[in-house]
Amino acid sequence: MNKQVVLYKKLSPELMARLQAHVDVTLIDSLDAHGLMQLRDALPAAHGLLGASLKLDAALLDLAPQLQAVSSVSVGVDNYDIDYLTRRQILLTNTPDVLTETTADTGFALILASARRVVELANLVRDGQWQRSIGPAHFGTDVHGKTLGIIGMGRIGEALAQRGHFGFGMPVIYHSQSRKPAVEQRFAAQYRSLEDLLRQADFVCLTLPLTAQTEGLIGAEQFALMRRESIFINISRGKVVDEAALIDALRQQRIRGAGLDVFEREPLNPDSPLLQLNNVVATPHMGSATHETREAMARCAVDNLLAALRGEKPANLVNPAAWQG
Ligand code: DGY
């Protein structure tokens, strides 16, 4: 009998066919109340799950006694209880690498948009308020040659450093769990303590994962260290930041502005004070959201799941301790 897979993310026809050639698929169309009920009904027979943007906690996964693998269409794995999965020897896989460049592009888009006030000034034109040459009240600040501070020097941090160093002549400073000699050499990047990075960077960019250690890493104390001219960029996870402290820092002009792709709660509430502030560029968690990259992520997730269900070690195994091979 075929293995049973519950899919809670729509796939392209090509990838759906690839999956269905090997397993029986139950598709949950949307994660609304009805979809969640369908999911709960399908879990008891499931050997594999594939999807994203859903917190899969123990209460839900206890309904799936036969589960062997969870394939996340994301690089971030903060929606999963890794200890729980490992205890149950359920393999968890993710989709790194294929989204690195696209997510770094988003980071740089936010750097440029925030520094050069692209959204604010484009809206001014759209609103018919461009009646004479713009003056200093609408000027932005340069990006090229400014100091790029990267917190979390993983793949995406590195891709951001590459853009800053080679494309914009920016001195790169970084903070991460460990030093990265190859990065230091390639981009002339210099390691800093978190405090020194906050004090020195013109752009403070978060590219680190959300974990128990990084939750709330940046709060009032950290914003107080940043330069008044600095711009804060977050393309990692909203919960790494104390959002109320960020709003305070922006309101009191403790920092110049922010480019934010992620928020404490998503989707961002339309009443969020962040949306009242002209010095904030807010985007809808679109880091990897291009047609090409989302298809590549889905392909990677399908390959990971099929390998796991065949009893092979998947390429992107997050919890190797669960592997019995
Ligand atoms: C990721 O892949 O983790 C992106 O942030 C999308 O969730």
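Begin by selecting Asp81, which sits in the loop between strand S4 (69-72) and helix H4 (82-87); helices (H or I, at least four residues) and strands (E, at least two) are DSSP runs, numbered from the N terminus. This is a predicted model, in which local features need pLDDT of at least 70 and side-chain atom pairs count only at pLDDT 80 or more, while totals for chains, interfaces and linings use all residues. Residues are numbered from 1 along each chain as its sequence is written, and side-chain values use heavy atoms, with hydrogens and water left out.

Asp81 counts as partly exposed because its relative accessibility is 35%, where buried means under 20% relative accessible area, exposed over 50% and partly exposed in between (1.4 Å probe, protein chains only).

Next, move to Gln253, in the loop between helix H11 (243-251) and S11, where phi is near 50°, a positive value in a residue other than glycine. With 57% relative accessibility, Gln253 counts as exposed.

Then select Glu266 and Pro267, which are joined by a cis peptide bond with omega about -5°; Pro267 belongs to the loop between strand S11 (257-260) and strand S12 (280-282).

Finish at His285, in the loop between S12 and helix H12 (291-310). The phi of His285 is near 45°, again a positive value in a residue other than glycine, and at 30% relative accessibility His285 counts as partly exposed.
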